[in-house]
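Biologist: Let us go through this structure label by label. I should like each value set against the definition behind it.

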Amino acid sequence: MTLILNKDSAVLQGAFLQADKLCHPSSLSCIHKSDWSRVESPILQALREISGQDEGGGYSNLKAPTWKKKIVCAVWLKLLCSEAEEDVEASWRENPFFSLQNSLPDVNHVVLLELVKSAAAVHYFTSFLLHLPRPWMCTELERLVEHVRSNPTREDDVCFFLEVWWELWKGQDGFNTKEDNSIELMFADQFARLSSKSSSMSPQAAKRLKLDSPDLTNTDVLYILFNALKDISGHLTSPELCFKALCISLDALHTSFLIDQEVVLPAKEKLNILCKVISARGKNEKLSPTVIQEAQRDLHASLSPSQFRASRIKLTEALQIITELVKFCEDGGLLKVNDGLNPASFQLEQSVQRVLTRLNEAESPEAVAAKEALRGLLTSLSLPDMESSPETGLQVTSTIISHRLEEHEDFAALFASETSWALCDERWMSCLEKNPAAFQQHNTLISLSSTLMSKLQRESSDISRCRKLMKIIADVFSGLSLEDKNKSLAAMLRLSSSGFFSHSTPSAVADGFEQELNMAFNCMIQGGGGASASQGNLTTAVSLVARVAFQNPEATLRSCCHSAVFNRGAFSLMAKILQQLPGLRSQRGGKGGDEGGDTGSGSSLLCRCLQGIIGNKSLSAGERQQLLKFLGLLMAPDVVNEEEKKIQSFLTPQEVVNTFVLPNLSAAGRSTIDGELSLQLLHAALSVDVQEAAPSPHWVLDCSPFPLLYVLAQLHHQTLRCWEQPPEGTYLCSMDTKELLVSVLTKLGQVVGAEVALAPSSWSRPLFWLYNKMEGLDWTVRFHLKPVWGQHFKNEVPASLLAVCELPEQEWSGLDLPQYGQGTGLLAWMECCSISDSLQSIMLSHLSLDQNKTDHMSMFSKGLLVALTQTLPWCSVSQWTRLLKVLKELITSNRLNVPFSLEYVDYLPLLDLRQFSYELRLSVLLLRVFQLLCGSSCSDWLSASGWAHVSRLYAHAVREMINSVKAKLACPSPAALTTSAPKAPPSRCLNPSPISVRAPKMYEDPLKESQMEEEVDTAPSQEVLFVLSQFFCHVQHIQVMMPGGQCEPLFLCSLEILSHYEAIMAAFPDSCSSLESDNTRHFFSTITDNLENQEMKAVLQQKIAQLVSTAA
């Protein structure tokens, strides 16, 4: 940086040259302090001209402070360069100030110091001092002290010294920019350059060098200043100077000796001090940012540890100097306050109180004497108490906020919390409107919100102002980071779950918010924010919801819940939004939103909103699924927010269980959520901890686990009555829900059982309570709770079971149950097989059956048929699947005898059906079961829904058999395997076999017959077609027997069989001749003629008509 000479430089040069002439016959390089008054006029006049200073002392030129700093810097460097006798050739290249300082005549330190004093440039002089190394600083301070002490020492010299002292303590102006500091940095660089040259010179050159080298051990600024004060104390001739000297020395003592860290005062206390200082200046003092900033700097310097720590002077010496100074002022009558409170006297009072507070524990003689002197000083001051008005506080605070002065954020928080200032609507509102960024802090925003709430609750509140203020607050909230938004949302919930809209809020204000709320959610829903919403859209949606949620959390959550349940696909977006706003889940307490609570106790605000949204509405299947998925997503653990931070789930599983499951299951039939949805929610909650090991104790223990197990066991017991007509006002768990119920019961039992196993003695009472409660329920329920019982109880089964199954007595015991009399052992055995895979394995391995005795086998087969008939209607799909496995095991192991009869053919085709023995016999067995079930003795067991259920189970079994048969089908090969097969006699039945080997035609040539025999196709496709035809006949037979004959699952099953039949005919063209396909179509059509439902009959016959052979 190089300073360019211009008009201002020429003016300054002329002024200094004129001043140099005024010194004649001497010069400015030899001037004494007493001569300054003769030469100062042209220099000061030039400064005023350059700075544009008006008569009132203000500056019209914005660059005036910079010019004043440049002049001080140029004069000081001129002095240093002269002393160092710097080479001009080097200086013009290395010194940015060369052009300016070279235009000035030679000067000495008197010119520099008097210029600083006269031009009120102490601040700039001190800023240069602070950029010097400590030894050089001390050297310059000693020159200053020497100058002040030199004759004549006037009042302005002492004031100059005290100002430099205090500016040093205030330190660098924290509001300076890098550009402002550039001159100080250049000055420090030039000073370092000159000092380094002086230290590297030869001894001969050093003799010519006049730049004094500092004493490197002299680094104690305090020592210099306190001793200088002691020396010039006799020149303190006015109360104001005494107050100033005492105040500065006491604050220096306080910050250098008595504190190690900054004394932090609340913003309100700081404001009180600032207001008193400003008020003490008088009403004529204009309240400007500069005045407030200087008062802040003074206060900060008084409360912060000084950078200048003592090394040569001790605390006792400093105390003694202050004590002597107090005595001198008292003796001179300089401690009287004649014109009331003034800034100096008020600041002195503050300084004395601070030092006395810190000296309370000091017991040295000097400390004791100092305390007595200071207490006497306080007494002599006897300043009147002064309270600043709210208007003054508001004005000072507004100025600090508007001009971003020191600690403006703390004052913004104070501004927001002072409700008395809010009464001054114009100024208060204006400050908020112009400085919204200053209030973007969590605590400040909450204080501002509390102020708005108090305004809304007043009867005389101005609606337009309140709406305006609410918008300002919402805008401030929108500018917060996501983390601070969540903190603010949580704080708002603690204030009120309704936010700004309590019962006393004017309706006009509430209407405006309703419009904003509806618009926010309409934008999100219409924007297609489903599961595939982009991150940008999600961030925008989160901001929109957070903004309205801060104004009214409850209304916003209600809208979220409504969208999640009733807007198709919106549940995913709503869950993602709420997962980003955990601040809305912080409230876990009572209805008013004013109570905190445990995470598992009570119901959260979201849960209450969901309950209110659902109300007494009857949810559709889609809405139920959306509700279920919505809550499931909110319970998902370890969600990552948009700031890449892991956050807790929005809802805890125990909240969901306590809110939506326990009340609804215990009040079944009267709740807004049916039992099936409650079970689905419980299942979802229990599945939350699958991804990671659940902590101990498990959250389930906060949800009354043993009563919950009992309620679930009761529901399981009620499935035995599921085909009965339930009494009005009661709820019977449907068979469709049984699967879910068993899963929940088992999972919950495992969780509770694990906790019981950790501390068995702690759970003995509830364990026995639950076990005793099971006595009134079906005996099978206890097996689902086996993980809970552990080794505490034996397996209790009907006594009749022990007659057909050899079970160890140490683990099993019999129960005398009225409904399980003699001959019901196989019924109990079948029920045990359906409960679980492990129990099924035990039953099969311990079955008591002598296969060598024909009568035993016959009785077992008949008994099992009856038991299966009794068990089937009350089986869930998983139970039925287990029973099918049992039947397969029994059939394949030849323990169950099921003769295959030709009910639909007169003669068995010459096919190898051994590999389909199991499927054919199982199909016949199921036919026999349904013949019993549809018979007169059992036809009144089931309701219409019961018949629909057993038909679904039968259709499930048929599909399993079809899959088993298809798995055995050989893939078609290009070269068909041809073998000779015995000829079948011609069929004489009215309904011929749908599949048969090709019968030889009568009276044909024997040679031709021989060739035909060689071409007979014995590929397994013929056997598969035959088995499928048997399945079709059985299904049709059962469908005809079914009450009403309109069983849709069996109708669909028949269509599926026909489709497979057609596909196999197409894949294996030689498996069926044209004649055989004609016979098959005729035969199938004849069977379907027995159906009562004409629509089903027409569809089946249309499908049968498509069974055309493609054989050549």
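Biologist: Why is S704 called partly exposed?

Modeller: S704 has a relative accessibility of 40%. Buried means under 20% relative accessible area, exposed over 50%, and partly exposed in between (1.4 Å probe, protein chains only), so 40% places S704 in the middle class. This is a predicted model, in which local features need pLDDT of at least 70, side-chain atom pairs count only at pLDDT 80 or more, and totals for chains, interfaces and linings use all residues. Residues are numbered from 1 along each chain as its sequence is written, and side-chain values use heavy atoms, with hydrogens and water left out.

Biologist: What makes the phi of S704 worth a remark?

Modeller: Most residues other than glycine have a negative phi. The phi of S704 is near 50 degrees, a positive value in a residue other than glycine. S704 belongs to the loop between α33 (675–686) and α34 (705–718); helices (H or I, at least four residues) and strands (E, at least two) are DSSP runs, numbered from the N terminus. A120 also has a positive phi, of about 55 degrees, although it is not a glycine. A120 lies in the loop between α6 (109–118) and α7 (122–129), and its relative accessible area of 58% makes it exposed.

Biologist: How confident is the predictor in the protein chain?

Modeller: pLDDT is the predictor's confidence in each residue, from 0 to 100. The chain has a mean of 83, with 84% of its residues at 70 or more. Confidence is highest in helix α43 (residues 877–892), at 96, and lowest in helix α46 (residues 1006–1015), at a mean of 37. Values stay under 50 over residues 973–1019, for which the model has 63 contacts beyond four places in sequence; contact means heavy atoms within 4.5 Å.

Biologist: Why is the pair of Y771 and F793 called stacked?

Modeller: Its planes are 10 degrees apart and its centres 3.8 Å apart, and the angle therefore falls in the stacked class. Y771 lies in helix α36 (residues 764–773) and F793 in the loop between α38 (786–789) and β3 (795–798), so the pair ties together parts that are 22 residues apart in sequence. Y771 and F793 are both buried.

Biologist: How do you know that the charged end of R312 sits over the ring of Y223?

Modeller: The charged end of R312 is 3.9 Å from the centre of that ring. The criterion asks that NZ of Lys or CZ of Arg be within 6 Å of the ring centre and within 35 degrees of the ring normal. K70 sits likewise over the ring of W67, 5.5 Å from its centre.

Biologist: Why is the span of helix α49 said to agree with expectation?

Modeller: The expected span of a helix is 1.5 Å times one less than its number of residues. The 15 residues of α49 (residues 1074–1088) should therefore span 21 Å, and the end C-alpha atoms are 21 Å apart. Among the buried residues of α49 are F1083, F1084 and I1087, and their cover includes α47 (1021–1041), α48 (1048–1067) and α50 (1094–1104).

Key: Phe/Tyr/Trp six-rings, centres within 6.5 Å; stacked < 30°, edge-to-face > 60°.
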